[in-house]
Amino acid sequence: MTEERQLQYFDLIDQLLRCPNGQEPEVLEANPELIDADFVYAVLKVATVFAHEGNQESAQFLFFIGRELAKQLGLYPETEAANSESEVSTKE
């Protein structure tokens, strides 16, 4: 990841933190070229820093965003419950 790309990630994270509640999807949709595994990593890294600094609200928000993006990108492992539910629905 280049320094320029990292700055773009941090700028997008800042936009997410500053946008009105509920506008996050629009912010992300306006920057599809930045939504990748490295962006998820950057989001989680910033969230961890916030958590250590006592900024729990922003940390929780970013952990949520990171988890949702990881799921959308197929980076988040499915749980056993989800796997067994899909097996049951296919058998019916």
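**Ground rules.** I number residues from 1 along each chain as its sequence is written. The model is predicted, so I take local features at pLDDT of at least 70 and side-chain atom pairs only at pLDDT 80 or more, with totals for chains, interfaces and linings using all residues, and side-chain values using heavy atoms, without hydrogens and water.

**Entry 1: the chain.** I looked up the secondary structure and found five helices and zero strands. Helices here are DSSP runs of H or I with at least four residues, strands are E runs of at least two, and numbering goes from the N terminus. The order reads α-α-α-α-α from the N terminus on. Of the 92 residues in the chain, 27% are buried (under 20% relative accessible area; exposed is over 50%, partly exposed in between; 1.4 Å probe, protein chains only).

**Entry 2: contacts along the sequence.** I took contact as heavy atoms within 4.5 Å. Among contacts between residues at least 6 apart in sequence, 55% join residues at least 24 apart.

**Entry 3: α1 against α4.** I checked how α1 (residues 3-18) packs with α4 (residues 56-72): the angle is about 115° and the axes are 11 Å apart. Axes are lines fitted to C-alpha atoms over the stretch in contact, and angles run from 0 to 180 degrees between N-to-C directions. From α1, I13, L16 and L17 make the contact; from α4, S58, F61, L62 and I65 do. I sorted these contact residues into six nonpolar, one polar and no charged (nonpolar: Ala, Val, Leu, Ile, Met, Phe, Trp, Tyr, Cys and Pro; charged: Asp, Glu, Lys and Arg; polar: the others, Gly among them).

**Entry 4: the core.** I found 21 residues in the largest nonpolar core. Such a core is a set of buried Ala, Val, Leu, Ile, Met, Phe, Trp, Tyr and Cys residues joined through side-chain atoms within 4.5 Å. L12, I13, L28, F39, L62 and L69 have the most contacts inside the core. Two or more residues each come from α1, α2 (24-29), α3 (37-52) and α4. The most come from α3, with seven.

**Entry 5: L12 and F39.** I placed L12 in helix α1. L12 is buried, because its relative accessible area is 0%. Leaving out residues up to four places away in sequence, L12 touches V27, L28, N31, L34, I35 and F39.
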